[in-house]
Amino acid sequence: MIIDTQLASFFTAGALIIIGIFAALFIDNLVKKVIGLAFIGDGANLFIIAMGYKLNGIVYIFMPGMTIDQFAPNASYPLPFALVLTSIVIGASTLAVMLGLIILLYKKYGSVKASKILGE
Amino acid sequence: MNPLIALMVVIPIACALILNLFHTKERTVKIIAIVVALALPIIPLVTSYGLHYFGAYSTLAQSPTLAQGLPGFITGSALNLFHMGIVYSFQSAQQLFIFIIGLIAFLAILTSLSEIKKASGVYAYLMFMGVAAVTAVLLSDDIFNLYVFFEIAAIAQVGIVIASKIKGNYETALKYMIIGSIASPLMLLGIALLLGVTGNVNITDIAYSLKNGLVNPQNPVLLMACGLIVFGWMYGSGLPPFHTIKSALYSKALPHGAAMLQAFSVFTLVAIGIIILRIFSYLSFSHVFIIAISLAAMIFSITMALMQTDIKRIIGYLAVGELGYIGLGLGIGTAFSITAGLFQAVNEAIVTAFLFIGFGTILYKTRESDIRKLGGMMVEMPKVALLVLLAGLAMAGVPPFNIFQSKLMLIQASLNAGIPELGIIMILLSIVTFMTFMKAFYAVYMRPKPRDLEIKNTNIPKATIFSMVVFLIVCIILGLFPQIATGLLQGLANSLI
Amino acid sequence: MSLYDIIINRIKKVQTQGEEEEPVTSIDASSTLAAEITLLSSLLVAAIMLRFFSNALMIIAVLLVIAIAVFAMPIMPKLKREQNDSLNGMVFYVILALGIVTVLFYWGSLNV
């Protein structure tokens with residue numbers, strides 16, 4: 001059975017989000033938890049990009065020699081790529097701040113277990 | 001095309017970057033910070049209302065030069081009316097909100113520069129970035145741009161907590177970021193679902209598509225998008241289940257930082273709440289859910305505030321609990337209740353900032369925030385005690401202060417809408433708020449000083465007293481002349497029903 | 001440990017920890033009492049608001065709140081212990097709220 005690329009991407013995005021939520025709830029090692037949380041953002045980004053897919057779509061650059069009637073119905077959707085670029089940068093900066101905090105807390109507590117550092 | 005609208009966001013960001021560059025040069029940092037912070041409340045007062053189009057063109061219908069080369073299937077459809085770039089919208093309500101947040105930022109930055117011994121460029125950078133981000137959240141008519149600045153505001157808030165050197169701040173900051181990393185991507189998913197169904201990220205265009213039947217409003221994907229955006233709204237404002245981490249965040253920041261953090265939360269609630277009403281008000285369930293979650297916020301937070309023993313935690317839970325009143329105003333859905341809710345937001349931001357800076361003087365003098373170990377501060381600082389008492393009376397809703405007017409409007413709105421139970425709960429929780437404040441005030445100021453409490457011999461800086469007096473004057477002016485604020489808010493409220 | 005066991009252990013922990021004794025000051029006692037009364041009266045008045053959906057639901061909800069008030073009286077200490085600052089507790093409630101929000105918006109919109 002062959003699944004359409006877009007549908008497979010949506011399923012993968014959903015799987016990434018579910019894995020991320022599982023990691024947030026059940027994993028005790030802080031570094032692994034934070035990697036899992038990055039999955040949630042990756043899943044959302046993959047979802048947005050997959051929305052821009054068009055079967056047999058052409059790249060959305062208007063080359064010289066094309067006409068509008070040839071370009072407009074065939075180009076794949078350009079907006080998602082711009083949104084996802086910004087979103088990836090935001091995710092990376094949030095990840096960087098979290099990892100920096102984990103390093104500081106490791107120096108203070110000597111372990112990366114979430115129940116020891118962030119428990120009660 | 002009004003460039004001052006974009007400058008309202010660009011000037012704080014530029015100032016933040018410059019201050020970060022001059023981090024160790026104290027005098028430069030102080031002068032630049034105070035000058036730009038003074039400009040922050042003045043710019044919205046001199047800007048005229050209107051829209052600002054990044055990209056210089058508004059819609060195809062209004063730009064005939066662009067539209068003339070395009071085929072009929074583009075110019076004849078609804079695509080002709082859609083905005084082509086990011087749009088910032090500045091009307092009377094945004095003017096009031098940005099003025100208030102600029103005023104709170106100016107007074108908080110003034111207080112921080114005088115209370116902290118060594119002026120820190122990085123701390124001022126974080127405050128200015130936070131103000132710029134929340135200003136953009138209030139102005140933006142583009143939902144993805146709003147998400148970007150919402151994330152910047154979250155990182156700035158975490159930075160303000162990290163920079164505070166209070167015991168336990170790193171752990172609280174990491175907890176907030178972990179919880180935020182669950183909630184923010186889900187809000188992005190909601191925005192993505194909205195983009196997928198309507199093909200637009202401009203809120204005016206999305207609302208147009210939904211009202212004029214270009215997409216089916218009962219589409220289940222739209223219902224899911226509404227749920228996820230409401231979830232992100234709950235995270236950004238501090239409604240339950242995020243109320244514990246938000247109040248922990250307020251308690252681990254320095255008092256002037258906490259004053260800014262709570263202003264950010266209030267205006268994020270207002271901005272995203274308005275957007276939810278603009279897009280999804282045809283779903284009556286959204287109103288029901290907003291009322292339910294606001295009631296939960298009020299009940300759980302104010303009862304938790306009574307049980308706390310740390311002053312900053314008490315004020316933090318009260319701040320989060322008062323957000324419920326704003327949500328109730330937005331949820332009831334009539335023009336009068338939305339005006340009352342937005343007026344309550346403005347008043348609450350001012351009074352809570354006043355309370356944080358007021359109780360911050362206790363920390364400045366004694367470095368102790370546990371009410372079991374404090375006492376006798378009335379003898380040390382009688383004038384500050386009077387100002388803090390007036391702030392507490394203002395928060396409880398005593399005339400002639402501002403919260404009396406807005407709570408009265410909210411209760412009248414709930415009675416007019418035929419839901420008197422909300423009015424009863426609002427009155428009951430106002431009484432309990434006052435009781436909580438009086439418990440904290442008695443424990444800190446009025447009972448005898450414990451023997452082992454050490455009080456520093458320095459005077460409270462004049463800038464702190466100046467900030468508190470300015471807040472008091474604003475409270476009295478808005479309490480005696482509420483039409484100043486409600487007149488500005490009515491236009492927005494009428495457009496939301 | 002399966003998910004079911006984790007949930008059962010958690011509920012048991014909340015129920016049995018109520019019998020600990022620790023020294024209580026008079027300010028603490030009066031605050032807890034006031035919080036208890038506020039919580040129960042607000043929940044009661046909020047339950048009356050269900051009359052907009054169906055009267056039968058409202059009667060059931062009011063009786064439920066009264067039953068909780070009578071049988072599980074010191075609710076505030078348990079609520080305070082549940083709303084603590086531990087990360088696992090907060091993330092659990094966040095995911096629970098996500099589930100409730102999603103389900104309510106997806107299926108609740110059909111009936112209101």
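## Domains of chain C

The centres of domain 1 and domain 2 of chain C, taken over C-alpha atoms, are separated by 21 Å. Domain bounds here come from an automatic or database domain assignment, which gives chain C domain 1 (28–73) and domain 2 (84–112).

The model is predicted: local features need pLDDT of at least 70, side-chain atom pairs count only at pLDDT 80 or more, and totals for chains, interfaces and linings use all residues. Residues are numbered from 1 along each chain as its sequence is written, while chains are lettered from A and ligands numbered from 1 in the order in which they are written.

## Nonpolar core

The largest nonpolar core holds 250 residues, and B:Ile104, B:Ala105, B:Met127, B:Phe267, B:Ile350 and B:Ala353 touch the most other members. Domain 1 (28–73) and domain 2 (84–112) of chain C both contribute residues to this core, so it lies between them. Such a core is a set of buried Ala, Val, Leu, Ile, Met, Phe, Trp, Tyr and Cys residues joined through C-beta atoms within 7 Å. A residue is buried if 20 or more other C-beta atoms lie within 10 Å of its own, exposed if 12 or fewer, and partly exposed in between, with C-beta atoms placed from the backbone.

Leaving aside residues up to four places away in sequence, B:Phe267 touches B:Phe97, B:Ile101, B:Val134, B:Leu138 and B:Ala349. Two residues are in contact if their C-beta atoms, placed from the backbone, lie within 7 Å.

## Contacts made by chain C

Chain B brings 38 residues and chain C 32 residues to their contact. On the side of chain B that touches chain C, at least two residues each come from helix H8 (169–198), helix H10 (220–237), helix H11 (243–251), helix H13 (284–306) and helix H19 (420–446) of chain B. Helices (H or I, at least four residues) and strands (E, at least two) are DSSP runs, numbered from the N terminus. This side of chain B has 31 nonpolar, four polar and three charged residues. In this classification, Ala, Val, Leu, Ile, Met, Phe, Trp, Tyr, Cys and Pro count as nonpolar, Asp, Glu, Lys and Arg as charged, and the others, Gly among them, as polar.

Between chain A and chain C, eight residues of chain A are in contact with eight residues of chain C. Helix H1 (5–26) and helix H5 (114–117) of chain A give two or more residues to the side of chain A that touches chain C. H1(A) gives the most, with three residues. By class, this side of chain A has five nonpolar, two polar and one charged residues.

## Overall form of chain A

Chain A has five helices and zero strands. Its radius of gyration, taken over C-alpha atoms, is 20 Å, whereas a compact globule of 120 residues would have a value near 14 Å; the globule rule is 2.2 Å times the number of residues to the power 0.38. Along the principal axes, the C-alpha atoms of chain A fill a box of roughly 65 × 35 × 15 Å.

Of the 120 residues in chain A, 32% are buried. Among contacts in chain A with a separation of 6 or more, 58% join residues 24 or more positions apart.

## Backbone features in loops

A cis peptide bond with omega of about 0° joins B:Pro240 and B:Pro241, and B:Pro241 is found in the loop between H10 and H11 of chain B. Another cis peptide bond, with omega of about 5°, joins B:Pro399 and B:Pro400.

A:Asn56 is not a glycine, yet has a positive phi of about 55°. A:Asn56 is exposed, with 6 other C-beta atoms within 10 Å.
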